[in-house]
Amino acid sequence: MVKATKGKRNTMNQKKTRAHQKPIEGHPPEWVININKCVKGGPQYDSGNWTIYRVPWSLREVHKSAFVPKIISIGPFHYGDPGLRFMEEHKMRYLLRLLGSRTTGKGGQAEDLMPQVHNATLLEDLEQAMKELEQKTRQRYSEAFNIDSSDFVQMMVIDGCFVLELLHLYYKFEREKYVDDPIFTTRWMLRTIQRDLVKLENQLPFFVLEKLFDLISAAGDPSLIDLVLTFFDPLLPRKYIKGLIDPEEEFDHMLEVFRSTFLSSVKQNITPASKQPEISVNFPLVQERQLVHSVTELEEAGVELKNREESDLLDISFQGGVLKIPPLYIDDNTAPLFLNFVAYEQCEDGKPFFTNFLMFFESLINSSADVEILHKNGIINHVLGSDQDVADLFNKLGREVVYDLDECYLSQQIKGVNNYCKAYYGSKWRVWFTNLKHDYFSSPWTFFSLLAAIFLLLLTTAQTYYTVYAYYISS
């Protein structure tokens with residue numbers, strides 16, 4: 001034991017000695033040689049290929065639970081996490097199911113699993129397909145991982161096959177309402193896995209899933225896009241979700257597939273940059289791109305709030321003093337889903353639709369009174385306990401989010417609302433009249449109280465008049 005320790009110390013001393021050795025005259029230092037080797041080899045990773053990212057640290061610290069998987073790791077970011085290992089058994093079980101293996105059921109009896117592999121009947125075919133995609137897959141992640149080639153390919157096969165088999169089983173579950181599988185019979189597991197698989201750090205490149213799907217799917221199976229949308233729809237249910245996406249479009253991962261279903265109509269309504277009116281020099285930029293009044297203030301200024309039914313979630317409009325907002329249902333799934341959409345947009349170069357949407361609602365909602373008004377108008381429904389909880393949620397969601405004012409798809413609506421409110425607050429008479437209506441005409445009781453006060457004032461005035469008049473006559 002002593003010799004081993006001594007040998008280790010000697011090795012460390014040798015390393016320190018080499019680190020402090022002066023370079024031989026006429027030869028460059030070792031670090032220069034190493035960097036030159038990297039330059040000659042060329043960059044191994046090109047940021048232009050990245051599509052799956054580590055969530056920015058600042059955003060992650062505020063909303064850690066929204067980004068870190070609870071029970072399952074998919075892909076390399078959380079590969080080998082000790083807290084997620086128990087799902088590895090389920091992954092292997094699903095792989096065996098896919099390959100048409102026989103497992104041992106309850107009581108030690110053999111349980112037949114229907115073979116689903118048609119185009120590729122051997123595991124080696126799946127391994128070879130993933131081996132060919134390994135480098136392309138590694139380049140899609142924003143970090144280089146110290147996972148050797150064999151383990152990385154194994155991860156691609158096992159994780160990818162688990163996801164595909166889970167999607168198939170869920171598609172069956174939606175139609176038959178029952179699947180004899182522990183993940184589906186244990187209530188909490190399925191919903192938790194759905195939340196985990198929509199997280200940005202828990203993604204496989206979509207081309208990996210597509211390749212595996214091509215190898216294992218049979219004629220008559222639903223498309224991969226249909227399977228993905230069916231699986232994630234319960235996180236934010238909508239009608240006709242499959243008609244909201246172009247099946248020919250290329251996607252980065254499952255998170256982007258689900259996000260794209262919210263963008264179909266809003267993309268059509270975006271005014272091209274060349275046709276947008278120039279920003280007025282009389283308005284600060286913030287008033288062109290950011291809402292400056294809460295719901296309570298908008299209502300005071302005479303803005304009418306309406307529920308825009310049968311419209312996509314992001315399709316907000318303002319015209320003629322009427323602000324129309326599609327209904328939003330808020331539960332425990334809403335915040336994590338939106339935050340992963342936002343995290344993806346923070347790292348990508350495309351339009352930050354959900355970032356704009358989130359910041360719009362953060363400006364609308366300052367207090368529980370704002371939530372109450374939105375609820376009364378059918379715009380917000382929630383199961384969070386109280387309106388104050390919703391207000392706190394939206395006020396927290398915008399923290400550490402980088403908000404690009406020039407990329408706001410709601411800029412025209414925001415400008416219209418701000419102009420409308422500016423005209424109102426610029427007139428003292430309008431403010432006074434609105435306050436009068438709010439204080440004395442908001443309910444029948446306040447109105448009757450005002451009438452009673454006026455009546456008493458008139459009686460008092462009449463009494464005073466006749467008292468003075470009688471005194472004057474007698475004099």
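Me: In which sense do β3 and strand β5 (residues 322–325) pair, and over how many bridges?

Reply: Two strands pair if DSSP finds at least two bridges between them. Here β3 and β5 run in the parallel sense, with 4 bridges. This is a predicted model, where local features need pLDDT of at least 70, side-chain atom pairs count only at pLDDT 80 or more, and totals for chains, interfaces and linings use all residues. Numbering starts from 1 along each chain as its sequence is written, and side-chain values use heavy atoms, leaving out hydrogens and water.

Me: Which residue in β5 is the bridge partner of glutamate 304?

Reply: Look for valine 322.

Me: What is the strand order of the open sheet?

Reply: Strands are DSSP runs (E, at least two residues), helices likewise (H or I, at least four), numbered from the N terminus. The 3 strands follow the order β3-β5-β4, with mixed pairing. At the edges sit β3 (304–307) and β4 (317–319), each pairing on one side only. Neighbouring strands are turned by 20 degrees on average, direction ignored; axes are lines fitted to C-alpha atoms (for helices, over the stretch in contact), with angles from 0 to 180 degrees between N-to-C directions.

Me: Which strands does helix α20 (residues 411–425) touch?

Reply: Contact means heavy atoms within 4.5 Å. Helix α20 packs on the sheet by touching β4 and β5, and its direction makes about 40 degrees with that of β4.

Me: Where is confidence lowest, and where highest?

Reply: pLDDT is the predictor's confidence in each residue, from 0 to 100. Strand β1 (residues 102–104) is lowest, at a mean of 39, and helix α7 (residues 149–176) is highest, at 96. The protein averages 82.
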